[in-house]
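Here is a friendly walk through a two-part model. Keep the viewer open and turn the picture as you read.

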Amino acid sequence: MLRETLLRKLDHLIEFHGKARESVLPVLQDLQATYGYLGEETINEVARTFGISQTEVFSVASFYHFLNTKEKGKYVIRICRTISCELRDKANILRALESELGIRMGETTHDKKYSLDYANCMGMCDRGPSMMVNDDLYADLTPSKAVDIVLSYR
Amino acid sequence: MAELRITINGASYKALDGMTILDVCRREGIHIPTLCNHPDLQTRGICRICVVDVKGSKTLQAACSTPVEAGMVISTTTDRVRKSRKTIVELLLANHYTDCTVCPKNLNCELQSLANEFGLTDLRWKERRERTIPQDDSSPVFIRDNNKCVLCQRCVRACDEMQGVYAVANLFKGDSMIVGSAFNKPIGEVVCINCGQCVAHCPTGALSEKYCIEDIWKAIDDPKKVVVVQTAPAIRAALGEEFGYPAGTRVTGKMASALRTMGFDYVFDTQFAADLTIMEEGYELLGRLRSALTGGEAPALPMTTSCSPGWIKFQEHFFPELLPNVSTCKSPQQMFGAVVKSFWAGKMGIDPENIVCVSVMPCTAKKFESIRPEMARNGRPDVDYVLTTRELAVMIKQAGIDLHDMKNSTFDNPLGESTGAATIFAASGGVMEAALRTAYEVVTGREVPFKNLDISPVRGMDGVREASIKINGAQKDWSFLEGVELKVLVAHGTANAKKVMNAVREGTMAAHFIEIMTCPGGCLGGGGQPLPGTPEIRLARAKAIYEEDADSPLRKSHENPSVKKLYEDFLGAPNSHLAHELLHTHYTARGQY
């Protein structure tokens, strides 16, 4: 990523969100939407722009499951890890996806297409197990349904 | 603040609106165990060990973070309180790598004390936590062992709130949460000023300074080596705490005897070099003022002090463009080393190669200062090893010495002679006071116009203090200073320094001379001092320091006979060519990102 492009983008975001400390989170969200993840360079520039420490920015970024501090695949599959989905056989969904994609939880496929991650509750407890692929939400999953959905993202 | 009444354990107490339950209990001597709470830091209410029963509340409330309300009925001893607190200790221990007998915090660990307080004889969660996370020893001065971390965030808060550095924070979340730095890099790879306030505020063995004890015993046992020790002013007012003396007990004479008994060949005093620092730094300030006021080359003003190595590194990272404002004087520790290995070695006819210069400092940043490449001459470091006050206490105990048994003795001469002006280097404002005592007298030929030489406006514990002193009756050489109101400022804690230096950067700072100390209360609250360190303990140490000054026969650095002799026999004059070569230094712009 070009530093100038990143800085220009940051300028726009600051113009919109402001430069107060509480604007760090929305700025990070928008940067993630653009770049897919928040790498070292991005976090450094955010820290410099806000005049705060990189450690503080990284602490925020690493706290949220929906912010990535490492490069992810084009499609990030997030499986609900909370108790109602667990009780409705989340484990088998995960197993099916792991074996289909050839990666383990937390990993990214070699072709950088898919990443597997956990997410906390998605609010679909009555229709679990549930998962998200990028911003799309899926519920009432079975292992084969989950695989079909994921493979429909090309 | 409105007054209200609350009931604790059946008795009625007065309280003020805005107080917490813990505040009232502390005032009334009602014991509440705490762990994440620290008087230096903002309340976070993380550990919950302080829970109490509040009538009408469904759940137990954390005493540290629950404000009192009129008519509140609190119980601190119920079965539910007792069981909850005990469970919290048990859960903390279940996730704590426990190797107490070989832990640097053994018998000085707040988690260990809690386990003792609750009389734990068995672990409910039997499986022992292993050392699953590698220790981070990348810092030049301390080790982080996250296997012992209880996530109380005291280090995080100290680094952010007190120091304004924010080198560590909570990373990740839930059961993956750890304390670490940006990108989970080792601390040695991020901006850290080595001040050790994280170490001083850690309740467990998760943070400890790097020991150099064994190296020093080895040097002492080596017959070829001449081992010279210097002790910083702050040690004499704190070392006693490690041996059960109340905070604020002066143990100067006993310490000198203990060091001699341990086998150090020469027991000297950093205070000698503190007096020397005042001469060099005082004349440097007057030189800058002369340039500024007589239309010479515009010097960098205000000038800031350079004794505190945490502050130096802070400046290098956060205000690199203001490095010309920092005095070029080395710190007393480094001046001492430079004098020992040049002047003293020559005088004694000892090859400097065989001299091992050990310093005892209240400070972890001094360990880093001593290994800076610019603090060496001909590849030979001025100071070879730096011990913290805590490490010295360990060594004294290892030698089988009880400080109580030691008779008072004095430091060796000539590098053990000092004045009260050097003693007060230990307290925030002390360097300023010492510098003013000398500079004012050099300029006017008269003593500073303060009763008993006590420049009280620069003393105290407020984070930033300002004072001014008008120069009347300047002598001929200094006529450019006649009628000038010398403005000075004192700050401690680098979070306060940041505010001050921002004003300097913006050009809104009127002061001529600024003293900055990294740690709360100055060196006496340093990261290497005995634990615990609280505002009360620091006040007691400060009192001892000012008493020692008041009791000193000489209280002005320029009256130190050995310093005068050093100039006569060796250095020539303050800021001479040789003085510059040995006693002054330069800094490294490091930046922040």
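## Chain A: two domains

The C-alpha centres of domain 1 and domain 2 of chain A sit 28 Å apart. Domain 1 covers 3-63 and domain 2 covers 75-151; bounds like these come from an automatic or database domain assignment. Bear in mind that this is a predicted model, where local features need pLDDT of at least 70, side-chain atom pairs count only at pLDDT 80 or more, and totals for chains, interfaces and linings use all residues. As for labels, residues are numbered from 1 along each chain as its sequence is written, while chains are lettered from A and ligands numbered from 1 in the order in which they are written.

How many helices and strands does chain A have? The tally is seven helices and four strands, and from the N terminus they run α-α-α-α-β-α-α-β-β-β-α. Here helices (H or I, at least four residues) and strands (E, at least two) are DSSP runs, numbered from the N terminus. The C-alpha trace of chain A spans about 45 × 30 × 25 Å along its principal axes. Of its 154 residues, 29% count as buried, and that label calls for 20 or more other C-beta atoms within 10 Å of a residue's own, with exposed meaning 12 or fewer, partly exposed meaning in between, and C-beta atoms placed from the backbone.

## The sheet in chain A

Now find the four strands of chain A, which make an open sheet in the order 2-1-3-4 with mixed pairing. Strand 2 (114-119) and strand 4 (136-138) of chain A are at the edges with a single partner strand each, so one side of each has no neighbour in the sheet. From one strand to the next, the twist averages 20 degrees. Two strands pair if DSSP finds at least two bridges between them; strand 1 (residues 75-80) and strand 3 (residues 131-133) of chain A do this in the antiparallel sense, over three bridges. Look for Ile79(A), whose bridge partner in strand 3 of chain A is Met131(A).

Helix 6 (residues 90-101) of chain A touches strand 1, strand 2 and strand 3 of chain A, and its direction makes about 155 degrees with that of strand 1 of chain A. Helix 7 (residues 143-151) of chain A touches strand 1, strand 2, strand 3 and strand 4 of chain A, making about 15 degrees with the direction of strand 3 of chain A. Axes are lines fitted to C-alpha atoms, for helices over the stretch in contact, and angles run from 0 to 180 degrees between N-to-C directions.

## Chain B: domains and a hairpin

Chain B is split into domain 1 (3-77), domain 2 (98-114 + 122-209), domain 3 (213-272 + 333-405) and domain 4 (285-328 + 421-583). The C-alpha centres of domain 1 and domain 3 of chain B are 45 Å apart. Chain B has a mean pLDDT of 97, with 100% of its residues reaching 70 or more; pLDDT is the predictor's confidence in each residue, from 0 to 100.

Start at strand 1 (residues 3-8) of chain B, which runs antiparallel to strand 2 (residues 11-16) of chain B and is joined to it by six bridges. In this pair, Glu3(B) stands opposite Leu16(B). The two strands form a hairpin with two residues between them, and Asn9(B) in the turn has a positive phi of about 50 degrees. Strand 1 of chain B also pairs with strand 5 (residues 73-75) of chain B, in the parallel sense over two bridges, with Thr7(B) opposite Val73(B).

## Where the chains touch

Which residues meet across the chains? On the chain B side 14 residues are in contact with 13 residues of chain A, contact meaning that the C-beta atoms, placed from the backbone, lie within 7 Å. By class, that side of chain B has 11 nonpolar, two polar and one charged residues. Ala, Val, Leu, Ile, Met, Phe, Trp, Tyr, Cys and Pro count as nonpolar, Asp, Glu, Lys and Arg as charged, and the others, Gly among them, as polar. The model scores ipTM 0.93 and pTM 0.95.

How values were computed: Two residues are in contact if their C-beta atoms, placed from the backbone, lie within 7 Å.
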